[in-house]
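Work through the exercises below with the sequence and the coordinates open beside you.

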Amino acid sequence: MSHSPSLPDRPRLELDPEMSEAERLEAIRQHYRRIVHMNEELSDRLDDVQGRRGDLKSEVDQLKRENETLKTSSLYIASVEEITEDGVVIKQHGNNQEVLTQASTRLEADLRPGDRVAINDSFAVQQVLDDETDSRAQAMEVAESPDVVYDDIGGIDEQIREVREAVEDPLENPEQFETVGVEPPSGVLLHGPPGTGKTMLAKAVANESDATFIKMAGSELVRKFIGEGSRLVRDLFELAAEREPAVIFIDEIDAVASKRTDSKTSGDAEVQRTMMQLLSEMDGFDERGEIRIMAATNRFDMLDEAILRPGRFDRLIEVPEPGPEGRERILEIHTQEMNVAADVDVGVVARELDGYSGADIASLATEAGMFAIRDGRTEVIQSDFERAREKLQDADKTEDRVINYQY
Ligand SMILES: Nc1ncnc2c1ncn2[C@@H]1O[C@H](COP(=O)(O)OP(=O)(O)OP(=O)(O)O)[C@@H](O)[C@H]1O
């Protein structure tokens, strides 16, 4: 905000002892006139400022009201069809109803036909939204062939075997399932603490079965606007159908599939709708051909039973924190490309890493390398790992506790 211009200097009365009586009187008169003049000037300025204050206050009130409406009411999505002298013609998504409505003067100047907007119950335009394709592109990660292979994943061989059986085999040998007369599992749910390799597992299975990997984070499905979450779910399955064979991976599925809460807020209802859409997509899944669906959560206890029924996520695979051997293997994987001194014993390092996840071990290896670089060495030595461990322990102490507690 700009500051008001500085105040004029206060006039000074300068009386010289040499002055005659008449001269003094004249000086005082002049001084009086200057003060009166200044008083008028300041009072004009005060009026101005008060006027501006009034304007700003009504703008603040207006914004507060708009903010309130945005916060309290459900919003719907529509597209701007036309901007006419009588108002804005919009078409509501979902029912394709065309409505002539108004936008606040603040928004109207920015509106263009084709824009996506949020409207309230009475169709008034509340907000201009980002381009739809942008928001979809942001919500999904698509990889034709992700670069993870099973050998990159340590300590969870049994889980790899199960995932291959449930995802890779049905993609590669569908006939085998037909001949034997069994349905492959519909969806595979990986559950376990953060950073244990769940995403890697989904990427590796997509890679090894030459399938497109399509990832969506559950949190992305929890949108502010009615219908947006369900629409993203539809898009996700449509995209998979276009790109099949494909592996859909929904990370943090608990964001849309938590146990029903008692509260009846519109936000909860919207999350429920998104979940229903997901379930209905999964129920109509057989016709979809070569698409496998996987999901991951580290809040298994929170999940709604409905998503675990047969025909939905009916294969559960727990991905636990690695044990001592797993940790050693993971450390080997992450130090493979590093210039590690011949006398470093990875087993000894791994033994000290009780409670470390795969992701923690990956950071430990990087940190150890950083210590070598800081000391101007080209080889990573045993003590670098110890220093890295101390550093990570100090930094993560509180954070770790929170994460572990959640799971
Ligand atoms: N079992 C593992 N073997 C090798 N590296 C691992 C393993 N688990 C985790 N990592 C390392 O940690 C990173 C993160 O792992 P990933 O994203 O697969 O974990 P996640 O279980 O999906 O975690 P989150 O629940 O936080 O999404 C990987 O990129 C990898 O570097």
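## Exercise 1: the chain as a whole

Buried residues make up 31% of the 407 residues in the chain, which is a predicted model.

Task: Determine how many helices and strands the chain has, and what share of its contacts with a separation of 6 or more comes from residues 24 or more positions apart.

Solution: Begin with the secondary structure, where the count gives 13 helices and eleven strands. Then turn to the contacts with a separation of 6 or more, of which 73% are accounted for by residues 24 or more positions apart.

## Exercise 2: strand β7 and its partners

Task: Find which strands pair with β7, and decide whether its two faces are covered or open.

Solution: First, β7 pairs with β10 in the parallel sense over five bridges, and H191 stands opposite T297 of β10. Second, four bridges join β7 to strand β11 (residues 315–318), again in a parallel arrangement, where E318 is the bridge partner of H191. Third, consider the faces: in a regular strand the side chains alternate between the two faces of the sheet.

## Exercise 3: the nonpolar cores

Task: Identify which members of the largest nonpolar core touch the most other members, and which element gives the most to this core.

Solution: The largest nonpolar core has 50 residues, and V188, L201, V247, I248 and M294 touch the most other members. Among the elements that give two or more residues to this core are α4 (157–172), β7 (187–191), α6 (198–208) and β10 (291–297). Of the contributing elements, α6 gives the most, with six residues. Taking V188 as an example, and leaving aside its neighbours within four places in sequence, its contacts are V163, A166, V167, M294, F313, R315 and I317. A second, separate core has 15 residues, including I330, L364, A365 and A368.

## Exercise 4: T274

Task: Decide whether T274 is buried or exposed.

Solution: T274 is placed in helix α9. It counts as buried because 24 C-beta neighbours lie inside 10 Å, where the cut-off is 20 or more. Leaving aside neighbours within four places in sequence, T274 is in contact with L221, G229, S230, V233 and V256.

## Exercise 5: the ligand shell

Task: Describe which residues of the shell are closest to the ligand, and which domains supply at least three residues each.

Solution: Of the 19 residues that surround the ligand, the closest are P194, G197, T199, G358 and A359. The elements giving two or more residues to this shell are α6, α10 (324–335) and α12 (358–374). By class, the shell has nine nonpolar, eight polar and two charged residues. Domain 2 (138–318) and domain 3 (324–406) each supply at least three residues.

Note on methods: Residues numbered from 1 in each chain as written. Predicted model: local features only at pLDDT ≥ 70, side-chain atom pairs only at ≥ 80, totals over all residues. Core = buried A, V, L, I, M, F, W, Y, C linked by C-beta atoms within 7 Å. Buried ≥ 20, exposed ≤ 12 C-beta atoms within 10 Å, placed from the backbone. Contact = placed C-beta atoms within 7 Å. Near = placed C-beta within 6 Å. Nonpolar A, V, L, I, M, F, W, Y, C, P; charged D, E, K, R; others polar. Domains from an automatic or database assignment. Pairing = 2+ DSSP bridges.
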